[in-house]
Amino acid sequence: MRWLLRRVIRKAGNEVNVADSTIDAEALTIGRATDQSICINDIRVAQRHARITVSGRGRYRVEALSAAGVRINGEVGQGATVAIGAVIEIGPVTLKPIKVSGYDAALEQTDSAPSIEFSTAASAGKHRPSKRLWAWVGFVAVLVFALLVPMAMHYQPALRVLPLPGTTAWSPGTLDAAHQGIAADCTRCHTQTFARTTEAGCHECHQSVHAHADAERFGLPALNMDRCGGCHEEHRGVHGLRFANATSLCSDCHRSLQDTTSGVSKLANASDFGRDHGEFRLQMPVVAADGQLQAETMQWNVDLIEHSGLKFNHQKHLVAGGLETPNGPRKLECINCHQIEPGGARMQPIAFERDCHDCHKLSFDPIEPEREVVHGRVAEVVYTLNGHYAKRALEGGYAQSSAPAPVQQRRRPGSPPLPVAQKQQALEWARDKARGVAESLFTGQACVTCHTVTAPTTENPDYVIAPVRVAGSWYSAALFNHLKHASMLCVDCHARAPQSASASDLLIPGIATCRTCHQSVVHKRGVVASDCTLCHVYHGSTTQAVTEKAAVSP
Amino acid sequence: MPARAASVRAALAKRGASRHESLLRVAGARYLWVALGLSALALIAYLADRSTPVANGGTWLGYTLGTTAALLIVWLMLLGIRKRSYASRLGTVQGWASAHVYLGTALIPIALLHAGFRVGWNVHTLLLVLMFLVIGSGFFGVFAYLRYPAFMTRNRDGASRDAMLQRIADIDQRALTTADRIDPKLHAIVLRSIARTRLGGKGLLSELRARDGSVAAITQIREAIVERQTVLAMPAQPVQAPAAGQTMFAMVDYLAHSQDDTSIGNLRSLIDLLAQKHELARRIVRDVQLQALLELWLYVHVPLSFALLAALIAHIVAVFFYW
């Protein structure tokens with residue numbers, strides 16, 4: 001077998017010498033011993049280090065004869081089958097199988113520097129990851145996934161189905177609970193890019209928004225600000241749209257409202273519920289010129305006289321020992337008559353039938369005490385009495401000594417009809433009786449107990465009950481809710497009620513009562529932090545609208 | 001001229017002091033005070049600001065803090081350019097590095113105040129997290145620069161790494177010659193061990209692991225000796241072969257008792273050589289390990305800071321894209 005050994009000798013200045021030699025041998029032996037085909041006089045090589053045989057066309061079998069092994073393609077091993085181009089390293093010599101025609105086998109031999117080298121140690125720190133590469137990878141990855149992909153999804157909604165970060169990855173915070181339903185589509189509010197959100201997006205859903213106040217009337221152009229986001233900041237959490245500190249927003253104007261509106265506003269300056277807020281102004285019912293009640297706004301004062309049109313003595317009803325009632329002794333509580341309306345805000349109006357009638361019966365005939373007149377309808381009361389006594393008179397058998405004989409006389413079925421004269425006498429009695437009982441009911445024992453009654457005059461032949469206001473909104477501009485105060489006792493706020501002997505006592509509390517618990521948001525121990533929006537509504541104008549569908553009175 | 005000599009000495013002392021000045025004490029820690037001042041200013045403005053119920057980056061203060069932080073990040077990244085600009089006269093690199101450390105730290109309060117301490121699963125918090133990772137790796141870098149160079153000096157014991165490598169090459173040559181005189185099998189073992197010695201290895205992990213393969217050779221030689229004695233049918237000696245992992249001295253003792261032929265002397269000198277090599281290899285590997293530790297943080301710090309730059313761009317664009 002003819003082997004070609006091509007020795008490549010590198011000289012200075014990139015010059016390369018090639019020396020070919022031919023070896024006739026079955027196997028090529030490599031070692032330090034002189035009888036080897038390739039003799040390498042280097043201590044790093046064993047006497048008989050390795051043997052190379054041809055194992056096929058262009059394929060060689062390399063076997064290590066020394067335990068030190070041979071480095072083939074960078075891996076130290078005891079043997080391997082290699083092909084053209086493989087790198088076999090033994091000591092300082094590198095052998096590469098090559099293809100040369102005319103020979104059975106051919107190897108290229110290159111000698112490296114004669115000293116022992118440690119490539120690994122010299123290159124410490126060189127087998128590191130590339131900072132530059134990873135910097136690029138990081139830069140591009142973040143830019144693509146944090147910016148370009150979401151941007152593409154903005155312009156191409158079809159891409160939003162992809163499981164990649166979308167525009168919601170830009171959301172700086174949780175949306176308010178009210179907006180969670182549209183959270184997936186940023187463009188519902190962000191209608192334009194690179195521009196602040198406008199009111200247009202808001203008005204898509206919020207179509208009946210009232211203004212705060214008339215900007216022109218009060219000379220406050222700032223009130224015309226139509227950008228909702230100016231006050232309503234989104235992405236501030238599930239309850240983010242509720243102002244955490246509305247006081248500062250409101251007090252910007254309301255601190256010196258009289259100055260800023262040049263005295264046009266009727267409201268007093270206010271900047272802080274606890275420290276800078278005027279006494280409440282309540283809607284007091286007053287008797288107008290026509291005798292009807294109408295609300296008049298006035299500042300709360302403990303000495304105000306309430307005109308409810310009723311007579312009522314709280315003290316008498318709330319007496320500690322209880323009351324003697326037709327149904328036995330009973331101790332009354334506030335809630336027996338004052339009940340919260342379903343929404344919880346106000347009290348239900350006092351209803352005679354529900355709240356008073358258990359004790360205050362409207363009976364009129366001692367002979368038939370279970371028969372009563374209706375409450376609240378004067379004409380019907382008179383009609384009922386007339387009918388009742390006429391029937392009694394004509395039927396007879398009415399056991400009252402003052403009644404005429406035909407009325408007292410019991411009539412049996414089949415008796416002959418009353419003569420006309422007796423009939424007239426009976427009906428006359430009935431008319432007089434009804435009139436007397438009516439007078440007694442209205443002015444003596446029933447109606448007059450609670451109501452102011454005007455007896456019939458020649459101009460006005462009917463009894464007149466003074467108008468009554470038993471319930472209503474005292475503080476119409478405030479969002480008070482009784483139900484939210486259910487943990488309190490009634491007397492905690494309505495302190496004078498148990499001692500009040502007259503319905504003219506004003507039992508509605510003023511600001512001082514509220515302030516015992518409610519103070520401004522400037523944190524103070526033991527108080528309820530209360531900003532303006534706890535009681536007041538901003539979009540509360542009845543005359544000015546922000547959106548077209550808001551109903552306003554011109 | 002004693003007065004002049006004194007002044008020269010003083011000047012030399014001063015220069016000497018400044019040459020060994022720590023990164024943290026450049027110019028009397030001037031940038032520490034700049035960073036503290038900047039942070040305090042940001043904090044006071046934050047506490048005084050009442051313009052919004054929920055502090056966020058969208059107020060005027062928020063924009064100001066955000067712009068400051070963004071400019072700081074860009075400037076901090078310019079250190080990479082400044083330290084390569086050897087001709088630049090724009091302050092010393094040491095001054096830049098000191099400012100880099102302090103102002104980089106000041107970025108923490110400024111960025112947190114800009115964010116109003118609000119975080120979420122979004123690109124904005126990604127930016128914050130990347131910033132913390134970059135700053136955290138930077139802290140490790142400062143720690144490493146203050147600590148490891150002294151370790152390296154002590155470990156090298158006056159020699160350079162190249163000198164130590166040269167000595168190992170020397171020892172290897174002698175070990176091979178000695179082994180060859182004893183037995184071809186021993187030669188093969190030593191050769192194999194040289195081929196397999198890894199000083200530093202390929203890649204960061206093996207550099208940090210700090211293992212060299214030089215102990216394996218000694219263990220194998222001991223095995224070879226036992227085998228050789230068996231083959232030569234030496235009279236059995238009541239000598240326990242030292243267990244794997246025992247010291248060189250035990251090995252030499254063992255050889256002394258084995259009453260072998262003249263190659264005992266060679267064997268002893270071979271083992272002596274291998275012990276020397278082991279000691280040297282240990283130092284080199286430790287040196288490589290320390291160097292890796294010294295440079296390691298940069299492989300986190302630099303790539304992440306570029307990711308941070310991308311996140312910064314994404315943050316700014318996204319915020320105004322959906323203003």
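Student: Leaving aside its neighbours within four places in sequence, which residues is A:Asn73 in contact with?

Tutor: Good place to start. In this predicted model, A:Asn73 is in contact with A:Ala86 and A:Val87, once neighbours within four places in sequence are left aside. A contact here needs C-beta atoms within 7 Å.

Student: And where in chain A does A:Asn73 lie?

Tutor: A:Asn73 sits in the loop between strand E7 (70–72) and strand E8 (75–77). A:Lys96 is 23 residues away along the chain, and the two C-alpha atoms are separated by 10.0 Å.

Student: What makes E7(A) and E8(A) a pair of strands?

Tutor: Pairing takes at least two bridges. E7(A) and E8(A) have three, in the antiparallel sense, and A:Ile72 has A:Glu75 in E8(A) as its bridge partner.

Student: How do you know that E1 and E12 of chain A pair, and in which sense do they run?

Tutor: The same cut-off of at least two bridges applies. Six bridges join strand E1 (residues 2–10) to strand E12 (residues 105–111), and these strands run parallel. A:Gln109 in E12(A) is the bridge partner of A:Arg7. E12(A) also pairs with strand E11 (residues 93–97), this time in the antiparallel sense over five bridges, and there A:Val93 stands opposite A:Asp111.

Student: Why are E2 and E8 of chain A said to stand at the edges?

Tutor: Look at the order in this open sheet of seven strands: E2-E1-E12-E11-E10-E7-E8, with mixed pairing. Strand E2 (16–24) and E8 each have a single partner strand, so one side of each is left without a neighbour in the sheet. From one strand to the next, the twist averages 25°.

Student: Over in chain B, why are H3(B) and H5(B) called roughly antiparallel?

Tutor: The axes of helix H3 (residues 60–77) and helix H5 (residues 93–115) come within 9 Å and cross at roughly 150°. Angles over 145 degrees count as roughly antiparallel, and H3(B) and H5(B) are therefore described that way. Their crossing is left-handed.

Student: Which residues make that contact, and how do they divide?

Tutor: Among them are B:Leu65, B:Ala69 and B:Leu72 of H3(B), and B:Leu103, B:Leu107 and B:Ile110 of H5(B). The residues of the contact divide into ten nonpolar, six polar and no charged.

How values were computed. Residues numbered from 1 in each chain as written. Chains lettered and ligands numbered in written order. Predicted model: local features only at pLDDT ≥ 70, side-chain atom pairs only at ≥ 80, totals over all residues. Helix = DSSP H or I, 4+ residues; strand = E, 2+ residues; numbered from the N terminus. Contact = placed C-beta atoms within 7 Å. Axes fitted to C-alpha atoms, helices over the stretch in contact; angles between N-to-C directions. Parallel < 35°, antiparallel > 145°, perpendicular 65-115°, else oblique. Left-handed = near helix turned anticlockwise from the far one by under 90°. Nonpolar A, V, L, I, M, F, W, Y, C, P; charged D, E, K, R; others polar.
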